[in-house]
Amino acid sequence: MQSTTTRITWSDLKRDQSPTALIAAIIAILAGYGGPLAIVIQTAQTGQLSSELTTSMLWALCVTFGLAGFVLSFWTRAPIITAWSTPGAAFLITALQGVPYEQAIAAFVIASLVIFLIAISGAFDVVMNKIPKTIAAALLAGILFNFGIKTFAELSGHTALMLTMLATYLIGKRFFARYAVLAVLIVGCVYVFGVVGADVPRVSLDLAVPVFTMPEFTWTAVLNIGLPLALVTLTGQQMTGIAVLRASGYNAEQTPAKPLVALTSFLSLITAPFGNFGINLAAITAAICTEKESHPDPARRYISGLWCGVFSIILGSFAGVLVLFFLGLPTELITVLAGLALLGAIMNGLTNAMSAQHSVPEREAALITFMTCVSGVKLFNIGSAFWGIVLGCTAYMILTQFKKVK
């Protein structure tokens with residue numbers, strides 16, 4: 001890989017360090033590990049993974065996206081923030097039910113391989129342009145919708161906890177939007193441990209031990225998990241990650257999509273047997289580090305990307321601590337926290353799918369995609385996410401591409 005930017009020297013690093021870049025990195029890490037971590041933990045619980053396998057999964061995710069973010073920030077001299085695929089994790093919460101872990105691992109391999117091949121071929125933009133934006137947005141919203149509903153279902157069984165966390169979320173979104181989900185986690189823990197009197201999980205500072213699992217390839221896992229996971233990651237994360245960089249003034253010459261997507265997917269591919277279901281360019285947390293709050297000078301914001309990489313590698317090395325703590329939390333707290341963290345993604349998906357700027361036929365095709373995903377239908381043992389793509393794209397072609405017969 002070659003870059004048009006000049007090589008970073010040790011003197012550059014010392015000169016470009018700033019308290020604001022460090023603080024931006026800390027905020028991004030806190031925001032990224034608040035609600036999203038709960039989603040990953042719930043994904044592991046759905047797959048009935050042991051604490052050892054869950055620790056391995058989190059280790060593979062954190063270490064690889066920490067490494068990717070550090071390397072890419074250093075190479076591009078831009079704040080490249082990477083993360084696990086949050087929409088992908090949410091999709092797996094339902095997709096992993098009843099699936100043997102070895103087959104799930106094989107699906108992770110396929111998903112990362114598909115993204116890697118698309119990236120190195122230079123077809124990333126071409127492929128993304130072929131998939132209607134309305135279909136991609138509806139797919140994301142549909143996958144997350146049922147998961148979000150579970151959050152509000154907790155009103156009947158755990159009313160006080162749900163209302164306390166919801167109130168915290170709404171107040172947080174109104175007055176300190178960046179930290180709303182982190183505030184929900186803190187308040188939820190205070191309520192559970194302080195008011196209810198639940199036992200605080202006891203953890204020790206042990207290094208994480210990765211566990212290798214041999215993939216077992218089956219067509220069912222590939223179609224039900226692998227291909228939908230690849231599409232969700234590409235459209236829900238990689239595209240938005242590139243968009244954040246472009247909106248912040250980092251052009252395609254400085255931050256070309258091909259190597260950014262290729263490295264994240266390659267690292268996902270080689271660590272998939274350890275539980276890595278996919279890392280990618282971040283969007284929401286990236287915005288924290290790419291704006292002027294990180295540093296007034298865009299050329300010096302890469303420091304926050306370096307710090308994010310270092311912090312993620314450290315946290316990944318002690319992934320077992322995070323796993324044991326979150327597994328020790330009540331299930332209902334994790335469910336509510338994860339659901340509230342996804343409200344923004346669901347809203348954006350529905351908004352982008354049904355925006356008035358799209359024609360009625362485009363929106364109708366998106367609605368078919370959304371409703372198919374939400375239905376949870378299985379046909380030929382293939383899940384609703386795959387059929388949502390098939391039926392949505394078919395409807396889109398019929399409604400928009402074929403000429404009317406006069």
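A polar contact here is a pair of N or O atoms within 3.5 Å. Keep that handy for the exercises below, and remember that this is a predicted model.

**Exercise 1.** Work out where Ser85 sits and which backbone nitrogen its side chain reaches.

*Solution.* Start with the location: Ser85 lies in the loop between β1 (82-84) and α5 (86-95). The relative accessible area of Ser85 is 0%, and buried means under 20%, so Ser85 counts as buried. Now look at the side chain, which reaches the backbone nitrogen of Gly88 at 3.0 Å. Finally, see who else is around: leaving out residues up to four places away in sequence, Ser85 touches Thr233, Gln237, Phe277, Gly278 and Asn280.

**Exercise 2.** Describe how α18 and α19 pack.

*Solution.* You need two things for a helix pair: the angle between the axes and the distance between them. For α18 (residues 360-375) and α19, the angle is about 165° and the axes are 8 Å apart. Angles over 145 degrees count as roughly antiparallel, so that is the label for α18 and α19. Their crossing is right-handed. As for the residues that meet, α18 brings a set including Ile368 and Thr372, while α19 brings a set including Trp387 and Leu391.

Conventions: Residues are numbered from 1 along each chain as its sequence is written. This is a predicted model: local features need pLDDT of at least 70, side-chain atom pairs count only at pLDDT 80 or more; totals for chains, interfaces and linings use all residues. Side-chain values use heavy atoms; hydrogens and water are left out. Helices (H or I, at least four residues) and strands (E, at least two) are DSSP runs, numbered from the N terminus. Buried means under 20% relative accessible area, exposed over 50%, partly exposed in between (1.4 Å probe, protein chains only). A polar contact is a pair of N or O atoms within 3.5 Å; within protein, one must be able to donate a hydrogen and the other to accept it, and residues adjacent in sequence count only if both atoms are side-chain atoms. Contact means heavy atoms within 4.5 Å. Axes are lines fitted to C-alpha atoms, for helices over the stretch in contact, and angles run from 0 to 180 degrees between N-to-C directions. Angles under 35 degrees count as roughly parallel, over 145 as roughly antiparallel, 65 to 115 as roughly perpendicular and the rest as oblique. A crossing is left-handed if the near helix is turned anticlockwise from the far one by less than a right angle, and right-handed if clockwise.
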